[in-house]
Every structure is written in structure tokens, then in C-alpha cells.
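A guided reading in plain paragraphs would be welcome.

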Amino acid sequence: MIRRRIRGLEGTERIRALKAALGELPGYYQGPYGELRKWVLELIAEAETRKEIRHQESYFLARQGAAQVVLVGPPNAGKSSLLKALTGRQVAIGDYPFTTLRPIEGMVAFDGAKVQLVDLPGLIGGAADGKGGGRPVLAAVRMADAALLVVPLSPSGIGDAQEVEAELHREGIDVPLAIAASKLDLPGAAARVAELRAAYPERRLACCSTATEEGLAEVRRLIWDLSGLMRVFCKPRGGEVSERAVVLPRGAAVEDLVAALRRDWVHRFRSAHVTGPSAKFTGQPAGIDHVLADGDIVELILV
Ligand SMILES: Nc1nc2c(ncn2[C@@H]2O[C@H](COP(=O)(O)OP(=O)(O)OP(=O)(O)O)[C@@H](O)[C@H]2O)c(=O)[nH]1
Ligand SMILES: [Mg+2]
């Protein structure tokens, strides 16, 4: 009944309704009523915190790594669980909405490069109007290099996620977006995957469960793909391949690699030998226009 009374209410209104409900509870501090009282008090505390961030237009988020990818989605979707599983960051996880009230970041390490993954508070319909503290969350999505929409494979999950997408659309937020379907272990999840694919035929999608760890590798790969970056490893003649990658935008050529190492080396370029996905064979000779691919190893010859 309390849940129904506060549905859609935010800020002062929500707090007032909750306090009224608290006043109506029988005065027991133990047993079921005690539990209920505790629950309402928690809701009040949450509403108070959210009321504060509601007026804040954006968060301060220090960028780190080669790219920033945000986890966006409805409350309770499993975003924080995913951040924890992929970055090892210890975060609050709860079976109630709005567990996360501020962005939390962690780094996802890929061979030779790192991507900053940012867990955001949940978004609900009306977020663009500030509902549920949505304004700064939307601002954080706009600033990101890409977003992963976390869609729980629960009965209401797809509908909730569509509301989130509608808010992004309403705000004109147009960052690269892919879908991570979460809670794949839930009963009925497989059927909902099919439904999800039908709803988003054009989006890249990976399914996972942080409970069983199934599909986490696919989500990781999706995050790297979303970054729009590629890793190129340099190798001096006869030497070892460098451990750290030079991170370049996908589609970059040998010239971009040389310029990333040192701007004035472009004029000293003589030739390159490429091994890896963009090469037809090991050590393929390549000119300055040769388009590189993720994972290439390049030996540069300068004059
Ligand atoms: N069955 C199942 N439950 C999960 C999975 N991942 C997360 N959960 C549960 O879903 C609930 C919400 O998880 P969170 O990670 O806190 O979700 P969130 O999206 O960060 O939620 P907010 O911060 O409130 O927006 C918790 O009870 C988790 O234990 C999963 O893969 N399978
Ligand atoms: Mg969370």
C-alpha cells in the first residue's frame, strides 16, 4: 500500500507521503511492523539523498583510460553487479531500486589498454524532467564515449529499458550504444532474449549473468568494441613486442600510429612491416596509408 502511495512521487512530496505513512503505522518497534518502519525510514533517507542530487545538473567524473563507457539502465537492472564483476570494484548492490546514488567508476583492462567503466544511478521514465534524479545521470551519458544499456531479463525489464532509451532519445543523446542483457539465469530469460533481439534488431547485444558468470567475456568484448578504439603494438627491429599498446581510433592508418608516437616522425617514415589482423602474412610490408586493425604488431623503419 505504501509502495502504491509513493509511486511516481519524488522529493518533498515523496518524503511527506512516507512520513505520513510512518505516522499511521502501529507503534511497534519490533516484529513485522518494526521491519516495515525500518523500511520506510530507509526510503525517506534515500528520497532525501536523491532530492539533493536532483538539483545538481552534472556529476564530476574524472576521465581515465583510453575511453569512458557508462552503464545505463533502469533501477535494479544489475548495473552495479556488472561493474563489480568486470572491474573488481567493491560496490553497493541491493535488491531495491536506486541503490546507486552517484557514479562509481572502475577500470576494465584489455590486453595493452584500459577502458573506464562508469556505473550510474538507474533511470526511469520522466528522467529528462528530473524524475528520480535523472538530469545529472543523463548529462553523464551525454559526456561518455559510449553507453551500455543494461536490460534485465526480468518480466518488466524490456519495458523499463525502453523507457530509459526513450529518455535518452528525448534528450538527443546519441552516443554509440549496445545492449547488455543481464540476469540470464532467471527463469524465462531465454524467451526474453528473443523478444529483446526483436525489439532492437539493429543493436549489438550480449547476454550475461553475474550470478553464474555466463557471458561476461562477451560483455567485456562488447565494451571494447563500443570504445571505438584499437590497440597496435610496436616492435623494434629484432626486438620484443611492446607490452603497452598504442591506442588509436579504429580505422587509423600507419601514418596515425607514427604521428601518435611522435608528430615529426611522419616525415622520417620509410617503411613498415605489419603482422596481425590487417596483414595478409607475417611481416607484410606496408606503406604509410596502410589501414591497421586491432591487435596489429608493427615494425617501423624510419630514416
Ligand atoms: N538472478 C540474478 N540477479 C542479479 C544478477 N545481477 C544482479 N542481480 C540482482 O539484482 C539486484 C540489483 O542489482 P544491482 O547490481 O544493485 O542493480 P543496479 O542496476 O545497480 O541497481 P540501482 O543501483 O538501484 O540502479 C540485486 O539484488 C542483485 O543481486 C544476475 O545476474 N542474476
Ligand atoms: Mg547500482
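The structure shown is a predicted model. Strands of a sheet pair through backbone hydrogen bonds, either parallel or antiparallel. Here 6 strands form an open sheet with mixed pairing, and their order across the sheet is 2-3-1-4-5-6. The edges are taken by strand 2 (104-110) and strand 6; each has a single partner strand, so one side of each is left without a neighbour in the sheet. On average, and with direction ignored, neighbouring strands of this sheet are turned by 25° against each other.

Within this order, strand 1 pairs with strand 4 (residues 146-152) in the parallel sense, over 4 bridges. Val70 has Ala147 of strand 4 as its bridge partner. Helix 6 (residues 157-170) lies across strand 1 and strand 4, and its direction makes an angle of about 150° with strand 4.

Another helix to consider is helix 5 (residues 134-143). Because 7 of its 10 residues are buried, helix 5 is largely enclosed by the rest of the structure. The buried residues of helix 5 are Gly134, Arg135, Pro136, Val137, Leu138, Ala140 and Val141.

The ligand comes next. Around ligand 1 there are 24 residues, of which Ser80, Ser81, Asp95, Thr100 and Gly122 come nearest. Helix 4 (residues 79-87) gives the most to this shell, contributing 3 residues.

Most residues other than glycine have a negative phi. Asn76 is not a glycine, although its phi is positive, at about 70°. Asn76 belongs to the loop between strand 1 (67-72) and helix 4. Is Asn76 buried or exposed? Asn76 has 21 C-beta neighbours inside 10 Å, and since 20 or more are required, Asn76 counts as buried.

Glu213 likewise is not a glycine and has a positive phi of about 70°. Glu213 is situated in the loop that runs between strand 6 (205-207) and helix 8 (216-227). With 11 other C-beta atoms within 10 Å, Glu213 is exposed, because the limit for that class is 12 or fewer.

Methods:
Residues numbered from 1 in each chain as written. Chains lettered and ligands numbered in written order. Predicted model: local features only at pLDDT ≥ 70, side-chain atom pairs only at ≥ 80, totals over all residues. Near = placed C-beta within 6 Å. Helix = DSSP H or I, 4+ residues; strand = E, 2+ residues; numbered from the N terminus. Pairing = 2+ DSSP bridges. Axes fitted to C-alpha atoms, helices over the stretch in contact; angles between N-to-C directions. Contact = placed C-beta atoms within 7 Å.
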